[in-house]
There are 2 protein chains.
Amino acid sequence: MPVAETWLLPDGVADILPEQAARLEHLRRNLLDALQSAGYQLVFTPLIEYTESLLTAGNADLELVTFKLMDQLSGRLMGIRADLTTQVARIDAHVLPVQGISRYCYAGTVLHTAPQGLSTSRSPLQLGAELYGYEGLAADLEMIGLMIQTLVLARSTGKGLHLNLGHVGLFRSLSRLAALSAEQEAQLTDVFLRKSLPELKTLCQDLPLGQDFWWLAYGGQDIAVLKQGFSATVLADEGIQQAFSDLLKASECVKARYPEVDCSIDPAELRGYHYHTGITFAAYAAGYAMPLAQGGRYDGIGAAYGRPRPATGFSCDVQLLAADSVWQVALSPVRIWAPCDPSPELAALIQAERQAGRVVVQALDAGQEPDRLYSHHLTNVDGCWQIVATQ
Amino acid sequence: MPVAETWLLPDGVADILPEQAARLEHLRRNLLDALQSAGYQLVFTPLIEYTESLLTAGNADLELVTFKLMDQLSGRLMGIRADLTTQVARIDAHVLPVQGISRYCYAGTVLHTAPQGLSTSRSPLQLGAELYGYEGLAADLEMIGLMIQTLVLARSTGKGLHLNLGHVGLFRSLSRLAALSAEQEAQLTDVFLRKSLPELKTLCQDLPLGQDFWWLAYGGQDIAVLKQGFSATVLADEGIQQAFSDLLKASECVKARYPEVDCSIDPAELRGYHYHTGITFAAYAAGYAMPLAQGGRYDGIGAAYGRPRPATGFSCDVQLLAADSVWQVALSPVRIWAPCDPSPELAALIQAERQAGRVVVQALDAGQEPDRLYSHHLTNVDGCWQIVATQ
């Protein structure tokens, strides 16, 4: 390998250099602190697990993006985490099986075999929150609020944010009412995910409740209008009524609490269908094809670990948020240069300044000169050490 | 896979639960802040790289502990970082090729195929600092100071710390003077690393300067005594003289600045021999078979990336430090319970308390009761919301 090629990094991973690293760290701390102050307890999960616990049954998407490794100690297959949600579900089910409500938050790097969606990163810094043990909409509303608050903290404004509300209960209930086979449901899910209306039109012609499926995809974003287009059988279904009621309440709540956030309903949204069981939410901003943050209800995720519980949560990529140009952190512009001098008074002053959060660099020998990057320098005036602004 | 087994984690990795996670996060922040305030710029490096850049030539130890992955995008072999030092060296050589002195700090999870030394963890949280571009001892002394300061921050005292100073220049110079073959040097290094005196005795009988090699291993920790046992040829060597001078100065400096730290010299210490080129240092504490932190000089590490530079650094495992029973963090005992009430005054008060760093959990419905874990609750007294201590 020629020396010239030893510094090439794989696609989708990158060094994070000082200026960006300081932003990322600052943002990570602030976002975690905000979640913790809302009662979400911090947990850290392992980078690797056996595939049996990391990839619970039925999540083919997650399996595809998960790097696999052989464990030399056990001879068993391990995966590198591609999502922290299932890991936190394992903690809720087994490690900390609290009765009642549990709130957890986390931040950690995940790895993907290939970039997801239109993002180019294969190693996002996933940060999120999960609430276990409460099945009512109030928990989802708390989660939507935390997600918006997270983005407002990162962007210092809610303006320009677009919130998209969906509910997989609509599609699930229609599939149940239409008594679709697993194959039909999978085919239809795929068409919904790709939002391919021509294919959907053809498919719906031969399907029970085909007209209703078509209307779900094409009926628009107004709940009142949407309801009028479904058949009476569908409208009488409890699952459908519950989904509409949840969407309406969530939408009203968001509009009241975050009037600056643009909020709309996408009844045909099935992103994370294999995972989610109720209301889903995703926040977008201009210039980003991917959601900045997303989440939803995923009751029963703990079943694979022997303890199904109601659950709702959200997550985001802190790297994506930190790169967002709207957001700026005021990094300390104070950098103090200290000469090479064995004086204990100087050493004590340097220590005090550093403890106060200011950057002090001390010369390694008497010949070293400060460069222009130092805003101040420490100097001895009449036997007394002083901090003086650099001219 | 039975449900009962889905929660078993591989050996050497673990969930970090709320209490320990809070400590770890607190410590990580404080240690990084201290390094940054000494002028060390934070960088984050990728979790994966091509093996060509991650495993630079001649580091068989690192290769052995590095997990390998196939990159599906390029068809090339990648490794998961097992050490951040080579990654930071790559940044210094190629990404940020600053002239003069560069100071970097970092914190990140690394993975090892098997536990290292007597530790049981395969995924330490490596935190450290590196100084590039200065070949004098002053940089090593700064690094030793930062390493001790890091441990004092973590343990809130320097008492009970034992600092071990070594210098690979002694062994290197002896090998050069004895004109050892690569094979002889490798064999001897292995015996020194295992500190196997019987084997060394046999080996030294047939070796040029065998008596000096034996004395290096067996001459003890006092530099003045040590010098008397070497042959005149050896004592006249510049490399040997430099190494003794460095060790003496470093030892005196540590004793003057950190009198509470027990400091000794181990001239036969070759840990990290393939890597280090000058003085080495490791800090131990009672109850830990592994060093709590270690480092040393490793000039020329950037050569693999086309830019050899003088370099010195140290690193530690924050998880190990956080688990240290000497250290305790005072986690906020204030947890406030708020009732489910749509009042905007209540919402504003909750927001303000959270921003002040206190934990406020709001009931999700009117029927929820706070448990004993809440130290305070928010209550409405005569139309005014107040924070009251829980009885």
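Predicted model: local features only at pLDDT ≥ 70, side-chain atom pairs only at ≥ 80, totals over all residues.
## A β-α-β unit in chain A

In chain A, strand 12, helix 14 and strand 13 together make a right-handed β-α-β unit. Strand 12 of chain A covers residues 335–338 and runs parallel to strand 13 of chain A, to which four bridges join it. Within this pairing, Arg335(A) has Val359(A) of strand 13 standing opposite.

Helix 14 of chain A, the helical part of the unit, spans residues 344–355. This helix lies across strand 12, strand 13, strand 14 and strand 15 of chain A, and its direction makes an angle of about 150° with strand 13 of chain A.

The strands of the unit belong to an open sheet of four strands in chain A, arranged in the order 13-12-14-15 with mixed pairing. Strand 13 and strand 15 (384–389) of chain A are at the edges with a single partner strand each, so one side of each has no neighbour in the sheet. From one strand to the next, the twist averages 30°. Strands of a sheet pair through backbone hydrogen bonds, in either a parallel or an antiparallel sense.

Both senses occur here. Strand 12 of chain A pairs with strand 14 (residues 376–381) of chain A in the parallel sense, over two bridges. Trp337(A) has His377(A) as its bridge partner in strand 14 of chain A. Strand 14 and strand 15 of chain A, by contrast, pair in the antiparallel sense, over six bridges. Val381(A) stands opposite Cys384(A), a residue of strand 15 of chain A.

## Chain A as a whole

Chain A contains 14 helices and 15 strands. Its C-alpha atoms fill a box of roughly 90 × 55 × 50 Å along the principal axes. Of the 391 residues in chain A, 43% are buried. Among contacts in chain A between residues at least 6 apart in sequence, 68% join residues at least 24 apart.

## Domains of chain A

The domain assignment divides chain A into domain 1 (10–158 + 297–331), domain 2 (161–285) and domain 3 (335–389). The C-alpha centres of domain 1 and domain 2 of chain A are 25 Å apart.

Where these two domains of chain A meet, 16 residues of domain 1 are in contact with 18 residues of domain 2. On the domain 1 side, helix 5 of chain A gives the most, with eight residues. The side of domain 1 of chain A that touches domain 2 of chain A comprises seven nonpolar, five polar and four charged residues.

## Contact between chain A and chain B

The two chains meet through 70 residues from chain A and 70 residues from chain B. On the side of chain A that touches chain B, the elements giving two or more residues are helix 1 (18–37), strand 1 (41–42), strand 2 (48–50), helix 2 (51–54), helix 4 (85–95), helix 5 (137–155) and strand 13 (359–362) of chain A. Helix 1 of chain A gives the most, with eight residues. By class, the residues on this side of chain A are 41 nonpolar, 16 polar and 13 charged.

## Features of chain B

Chain B has an open sheet of three strands in the order 2-4-3, with antiparallel pairing. Strand 2 (48–50) and strand 3 (68–70) of chain B are its edge strands, each pairing on one side only. The twist averages 40° from one strand to the next. Strand 3 of chain B is joined to strand 4 (residues 77–80) of chain B by three bridges, and these two strands run antiparallel. Lys68(B) stands opposite Gly79(B) of strand 4 of chain B.

Helix 6 (residues 168–177) of chain B has as its buried residues Val168(B), Gly169(B), Leu170(B), Phe171(B), Ser173(B) and Leu174(B). These buried residues pack against strand 7 (161–167), helix 7 (182–193), helix 9 (210–218), helix 11 (232–236), helix 12 (238–257) and strand 9 (279–285) of chain B. After helix 6 of chain B comes Ala179(B), which has a positive phi near 50°.

Conventions
Residues numbered from 1 in each chain as written. Chains lettered and ligands numbered in written order. Contact = placed C-beta atoms within 7 Å. Nonpolar A, V, L, I, M, F, W, Y, C, P; charged D, E, K, R; others polar. Pairing = 2+ DSSP bridges. Right-handed = clockwise from strand over helix to strand, strands pointing away. Buried ≥ 20, exposed ≤ 12 C-beta atoms within 10 Å, placed from the backbone. Axes fitted to C-alpha atoms, helices over the stretch in contact; angles between N-to-C directions. Domains from an automatic or database assignment.
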